[in-house]
Amino acid sequence: MIKLNCGVIGLGRLGMKHALAIAGRISNARLAAVSDPVCDSRKRLTDQFPDIKTFEDYHDLLDIKEIDAVIIASPTTTHTGILLDSIKAGKAVFCEKPLTLDSNEIPLIESACREKAALVQVGFMRRFDSGYMEAKKRIESGEAGDPVSVRSTSRDPSCPPLEFAKKSGGLISDLCIHDIDLVRWFLGSEVSQVFAQGAVLMYPELGAISDIDHADLLLRCQNGTLGCIEGSRNSHYGYDVRTEVVCTKGAVFIGTLHNTPCVVLNQYGENRNTVPGFLDRFEQAYVREIESFTDTVLSGGQPSVSVKDGLAAVRVAVAAGKSLQVSAPVNII
């Protein structure tokens, strides 16, 4: 079997998950090298896979000609620079969202991809979750009619570490961008206008770094359909991600709070355990998206989640941030 030689840049929670999946779970890929500026992060991987090359500087990884593709899971503020360097090095690229936090960088990314005919897939893993995949298939079959609106909820169980939050781009670009992508995906249209409201309701430390812990977004698409998004850091009962797609003949509901299919009834009422976090909820989706990426590179196809998808979501997220500042709807050009 032909295997794709891969490198992983960034070994945080998600980068480590991708590295371990490539090393042990994805049959047509081989983990050749990793890079991370933190020595302990590199050691955690080599303790399990001692033959893998490790680098402090990602440029050294990109210099390895035998590496065909790279997975970028570094801090958000570094995505654009590493993405552009990877494209220049001639690598196929899987990049975690968002591709950029600055709309001024969008033309640079578009130009680099066009000039190098680069293959770039964006990490919107919800598209690879079994529930979301089934919903998309059922909607496309027409059995519920045409989709007219999407209501999507993303609630994290707690405040993220402040060091992460400072580099994440904020609640909208870090969390709600997944829901923005789902609105585009299910409704089959670009977003033309967004109105955002947000607040610091539980974590004043987020306010101190100009972030928020709750946001509500109203979206209008070019084809007249509508989206409504809630993003929150305040779900102390568990990780809560759900989506409803209202159609002309019915509706489709995706998501559940159940971590295991067990409910206990006693004198205190009903009790069930809930999903603790995103790594658990989307365990299989993270593997499927990397499998899809490696299959696409080896087959010479086009990624199912493209640069166009990634940058469209960025445009909406940036516009939502502006709307938050001016307390008014913002049109997306």
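Author: Two strands pair if DSSP finds at least two bridges between them. Helices (H or I, at least four residues) and strands (E, at least two) are DSSP runs, numbered from the N terminus. This is a predicted model, in which local features need pLDDT of at least 70, side-chain atom pairs count only at pLDDT 80 or more, and totals for chains, interfaces and linings use all residues. Residues are numbered from 1 along each chain as its sequence is written, and side-chain values use heavy atoms, with hydrogens and water left out.

Reader: Which residue in β6 is the bridge partner of C95?

Author: The partner is V122. Strand β5 (residues 92–96) pairs with β6 in the parallel sense, over 4 bridges.

Reader: In what order do the 6 strands form the open sheet?

Author: The order is β3-β2-β1-β4-β5-β6, with parallel pairing. β3 (53–55) and β6 (120–123) each have a single partner strand, so one side of each is left without a neighbour in the sheet.

Reader: How are two packed helices described?

Author: They are described by the angle between their axes and the distance between the axes. Axes are lines fitted to C-alpha atoms, for helices over the stretch in contact, and angles run from 0 to 180 degrees between N-to-C directions. Here α8 (residues 171–187) packs against α12 (residues 307–326) at about 120 degrees, the axes being 9 Å apart.

Reader: Which residues of α8 meet α12?

Author: I172, S173, I177, I180, D181 and R184 do so, where contact means heavy atoms within 4.5 Å. Their partners in α12 include D309, A312 and L324.
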